[in-house]
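Please look through the sequence and the model below before reading on.

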Amino acid sequence: MTRFIAACVQVNSRDVMSDNLARAATYARDAHAAGARLIAFPENVSMMSFGGENGRAAAFPEDEHPGLVFFCDLAEELKSTLIVGSLHVKVPDEDRVANRCFVIGPDGKVITSYDKIHMFDVDLANGESYRESKTFRPGNAARLAETEFGKVGISICYDVRFPHLFRDYAKAGAKILSIPAAFTRTTGQAHWHTLLKARAIENGCFVIAAAQCGDHPGDRQTFGHSLIIDPWGQVLADGGTDPGFITAEIDLTRVDEIRRMVPSLGNDREYKPC
């Protein structure tokens with residue numbers, strides 16, 4: 001399928017999972033009614049609960065996770081492919097949990113899952129400080145999702161700052177890059193649009209980036225602006241700062257056209273590192 005409608009669901013997740021799931025499903029059903037058959041959700045879609053103990057308390061083993069059951073049922077109901085930005089999943093013999101993305105097919109079955117590799121351990125100039133690695137165990141493997149729309153490269157949020165991951169996806173055949181996020185308002189205002197456009201342009205890929213928005217428990221503020229970007233770097237849809245959804249038509253022949261014009265994926269050269 002080379003032409004279809006994709007959607008990003010943008011939410012303000014809080015600390016009650018059932019409420020978060022219900023709101024996300026409402027927007028997904030509306031996006032489906034608008035023609036979307038690939039629907040992406042943001043990072044932490046089922047829960048935004050901060051602090052190590054809160055994060056661990058919101059986690060479940062994968063085969064018992066109510067959020068995963070919910071989204072599998074929703075995918076089957078909508079007969080659509082869902083990219084569930086991330087759920088918190090318990091890891092055997094590990095105090096920390098996985099921040100795990102799931103790609104679910106229209107039959108309600110999980111196609112693949114991906115654990116966030118790069119941890120957001122930063123200290124910003126305004127005093128904001130984050131240590132994701134205290135709560136989350138980093139993943140160690142890239143994941144391509146084989147969907148009815150072709151290969152989709154899977155990532156989560158802070159991964160966007162590590163361009164080699166996306167280069168690998170593009171060289172492995174991905175024409176779509178999924179980058180769900182809960183970007184802070186501070187870093188989002190400075191970098192979100194620029195980073196996502198760069199990943200689209202340098203790889204000749206569509207970027208689908210569903211985002212959290214608004215104020216959350218624990219004094220967390222997220223940037224919003226879910227984006228769908230074409231391989232030339234053109235923003236096809238921008239979710240602004242409020243909950244809702246966006247849609248855009250994806251024409252995968254555009255990827256081939258742009259890669260013919262600027263064949264940078266084939267122009268890499270070996271070089272001696274510093």
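Which backbone oxygen lies 3.0 Å from a polar atom of the side chain of glutamine 212? This is a predicted model, in which local features need pLDDT of at least 70 and side-chain atom pairs count only at pLDDT 80 or more, while totals for chains, interfaces and linings use all residues. Residues are numbered from 1 along each chain as its sequence is written, and side-chain values use heavy atoms, with hydrogens and water left out.

The oxygen in question belongs to glutamate 43. Glutamine 212 itself sits in the loop between strand E11 (206-209) and strand E12 (213-216), strands being DSSP runs of at least two residues, numbered from the N terminus. Because its relative accessibility is 0%, glutamine 212 counts as buried (under 20% relative accessible area, with a 1.4 Å probe and protein chains only).

Turning to the sheet, six strands form an open arrangement in the order E5-E4-E3-E2-E1-E16, with mixed pairing; two strands pair if DSSP finds at least two bridges between them. Strand E5 (110-115) and strand E16 (244-251) stand at the edges, and since each has a single partner strand, one side of each is left without a neighbour in the sheet. Strand E4 (residues 97-104) pairs with E5 in the antiparallel sense over 5 bridges, and cysteine 101 has tyrosine 114 in E5 as its bridge partner.

Elsewhere, tryptophan 232 lies in the loop between strand E14 (227-229) and strand E15 (235-238); at 48% relative accessibility, tryptophan 232 counts as partly exposed, the class between buried and exposed, the latter being over 50%.

Methods: Helices (H or I, at least four residues) and strands (E, at least two) are DSSP runs, numbered from the N terminus. A polar contact is a pair of N or O atoms within 3.5 Å; within protein, one must be able to donate a hydrogen and the other to accept it, and residues adjacent in sequence count only if both atoms are side-chain atoms.
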